[in-house]
Amino acid sequence: MSHAASATHWDAIVIGTGIGGGTAGRALAEAGMRVLFLEMGGAGHRAERNGLSDTPLPEARLVRGLWPEPLEVTLDGRQRRFHAPLGAGVGGSSVFYAATLERPSRHDLDDLPDQPHPTGGWPVGYDAMRDWFDRAAVLYRLRGSPDPLSPEPAGPLLPPPPPSAVDTALMAAFRTNGLHPYLAHTAIERIGGCLNCLGTKCPNRCKMDGRSAGVEPALATGNATLVTRARVTRLLGAADRVTGVEARIGDETHRFTARHVVLAGGALGSPNLLLASVSEHWPEGAANGSGLVGRNLMFHLNEIFALWPHRGTPDSGPSKAIALRDLCLRDGARFGMVQAMGIRASYGEIVHYLGLMLARSRVAGVPGLRPLTRIPAAVAARLFGHAQIFVGLMEDLPYPGNRVLHDPARPERLAVSYDIHPELQARRKAFRRAIAHAFRGQRRMFLGLGPELNFGHPSGTLRFGHDPAQSVLDPDCRSHQLRNLWVADASFMPSSMGVNPSLTIAANALRVADAITKDPA
Amino acid sequence: MTRLAPQDGIAIVTGAGSGLGRALALDLARRGFTVVGIGRRRDALEETQARAPDRVFPLVLDVSDAAAVRDAFATLRQRHGRIALLINNAAIYPHRDILDETGESFMESVAINLGGVVNCSRAALGDMCETGHGRILNVSTFADLSPLPTASAYSVSKGAARIFTRALIADLGDRFPGIVIGDWMPGMLRTDMGIPDGLAPEQAARWGVELALRLDPALTGAVFECDTEVLPPRGLKGRIRDMLLLRRRRPRRLS
């Protein structure tokens, strides 16, 4: 049986409906192209409000919009399997995000005389990206206040919600320390009855994500079609073109065709699909002339710490509002921005957190340690009351050895191999020192025992560049070899930046869509 | 929305032709709700309706018939509006020794006491999942804990219905926290199914309706007996942890 959507030769097929695919598909549909979205997860119910979870059964995970299988991580040679914070449903991982859409700093993209870039700079620099950042900011209805340290225009920002008493007190304390806090840039409309869906699906079209700002407006144009529960298994094609997309829907395999194929399965899923598309024409996998498909995998490093507001600060709930970029670059080292996580930790929460940290640490096997975390946490809670949790988001650098692993025997499994380089260890220690120095005089506690990779921020596995030998994609994010294959997710990023990736993914997706609509073929 | 109001939608009470079901339907009607009373006996339902003619609408339906329930719920949605509250109350309690049961007679009880809850809940969830709000209250019993002689089919089917409550919550609790689901044990009542010197069903119904109208997500999974919450048993570890964390759980009350 053939699928109804396989009868059409589409203008574009978009594989994956996260922030990249959703945004690109919307722009294409709004430009009048006929777009087919293929989404591995289900359509779900709009009223759902669940967050990420460790529920084990694959079908239960898919129903919740979660990636069905665990991620297999070989970290410094040690194997672990766990459920990464990855979505599989309309909106992808973005329906679970905290909607922090931060604009990169110039040094994140450009090679500057006093701030050399680790890759020599992105092939499309800050000035060329600026207009796309602005457009994405409008599309995602970004709110916040300008970063006082940035010499660049802040772009179109809607007024942020007024800071809470805790935010105001913390920001005043930070300024006393010579820091430059601002109100973080968030894509939450804060309509009446806003549920503040940080980490959970938003039932109200209030949080702007790949679904509410991407797929739904795309479908509203009448030019787009969404097929869910369609697991794309491989790309088909000849030397320089993709001629078909093969997907399993239920028990059947279907083939869809289009003039353009936009790959947006995420920085783990997209390279895995290309590696799964080995054929006579593509013996190393699709678009893999460089041999770099899946390589240069990066995550951010989370440096999480609790910060207690000064005594007498009224307790007005968790803060998700504060961000600062004082520590992005220090003495030539690339660190990253610091932001509130939107978590207010009480005694029990810190116990839980420390327990999790301990479970992942080298002393995980030592019995009887876990209850001990209650003692410092109890002391802290007694002394200080509620803490606000902050995270320093440290930039990861690309290494070809850190990569997505593909196993033809288990083609749908997501697996990565990642080594923590001595350079990263050293930089993390320096970052911790910088945090401790920046927040000196404030009551604080680091909540991490070792380097903690942010598995929700993978990037870099299909890097873009000018040289086909050194990159998978050209500067338009089109495959160097397959001239109708484009990539619109975080895979394209040659460096991971010191800020959250979402705004950059959305902005680049708009840029890619624009290039597609202007392509004469 | 922490409390259901008549403008949120209609209430459905199964087994509304007698005893507790009738008392629940009439109490809800008194508070201004449009109530669809479901039962198998038309004359009994009409007697319930006669006491609140503007608000109670009888619906003759066998809750063990999945297709009939599906169709009937679709129709009443068109006629009366969306479903905000479902009280699964209908049950049968045949006092029958196991040597007098057949496989068929046993499964007949299961079809009503468990199947009825499954069928009606499933049909009502269509509306509730659309809006993300709703209330399902299952009238329950501790009969499963130590079955009495001649109560095998009742104990098994009502016990399974309690498991179904927990399974519903496992499937829906995290995705739809605004759909509040729980069990309520009304106590020993002076009804056909109960005991002669039991509690007046009208008294129990006041508690049941109070519990049914509370739309607090924190009530999902809670079990109430009469007007008081039954706390889940805590093991030694749990009690020590409560002590360490300075947590002492107190049962919630309805009155």
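Q: Which way does α1(A) pass α11(A), in a left-handed or a right-handed crossing?
A: First, some ground rules: this is a predicted model, where local features need pLDDT of at least 70, side-chain atom pairs count only at pLDDT 80 or more, and totals for chains, interfaces and linings use all residues. Residues are numbered from 1 along each chain as its sequence is written, with chains lettered from A and ligands numbered from 1 in the order in which they are written. Helices here are DSSP runs of H or I with at least four residues, strands are runs of E with at least two, and both are numbered from the N terminus. A crossing is left-handed if the near helix is turned anticlockwise from the far one by less than a right angle, and right-handed if clockwise; for α1(A) passing α11(A) the crossing is right-handed.

Q: At what angle do α1(A) and α11(A) pack?
A: Axes are lines fitted to C-alpha atoms (for helices over the stretch in contact), and angles run from 0 to 180 degrees between N-to-C directions. Helix α1 (residues 19-30) and helix α11 (residues 502-517) of chain A have their axes 8 Å apart, and the angle is about 35°.

Q: Over in chain B, are α1(B) and α7(B) roughly parallel or oblique to each other?
A: Helix α1 (residues 19-30) and helix α7 (residues 201-213) of chain B have axes 8 Å apart and pack at about 55°. Under 35 degrees counts as roughly parallel, over 145 as roughly antiparallel, 65 to 115 as roughly perpendicular and the rest as oblique. The pair is therefore oblique.

Q: Which strands stand at the edges of the chain B sheet?
A: Two strands pair if DSSP finds at least two bridges between them. By that rule 8 strands of chain B make an open, mixed sheet in the order β3-β2-β1-β4-β5-β6-β7-β8. Two of them pair on one side only: β3 (56-60) and β8 (228-230).

Q: Which residue of β3(B) stands opposite B:V35?
A: Strand β2 (residues 35-39) of chain B pairs with β3(B) in the parallel sense, over 5 bridges. Opposite B:V35 you'll find B:V56.

Q: What angle does the direction of α7(B) make with that of β5(B)?
A: Helix α3 (residues 66-80) of chain B packs on this sheet too, touching β1 (10-14), β2, β3 and β4 (83-88) of chain B. α7(B) touches β4, β5 (134-139), β6 (179-185) and β7 (223-225), and its direction relative to β5(B) is about 145°.

Q: How close do the axes of α3(B) and α5(B) come?
A: The crossing of α3(B) and α5(B) is right-handed. Helix α5 covers residues 115-131 of chain B, and its axis crosses that of α3(B) at roughly 30°, coming within 9 Å.

Q: Which residue of β4(A) is the bridge partner of A:E72?
A: Chain A has an open, mixed sheet of 4 strands in the order β4-β3-β17-β16. β4 (78-82) and β16 (403-405) each have a single partner strand, so one side of each is left without a neighbour in the sheet. Strand β3 (residues 71-75) runs antiparallel to β4(A), joined by 5 bridges. In β4(A), the partner of A:E72 is A:R81.

Q: What ipTM does the predictor give the complex?
A: Chain B averages a pLDDT (the predictor's confidence in each residue, from 0 to 100) of 94, with 99% of the residues at 70 or above. For the complex, pTM is 0.92 and ipTM is 0.90.

Conventions: Two residues are in contact if their C-beta atoms, placed from the backbone, lie within 7 Å.
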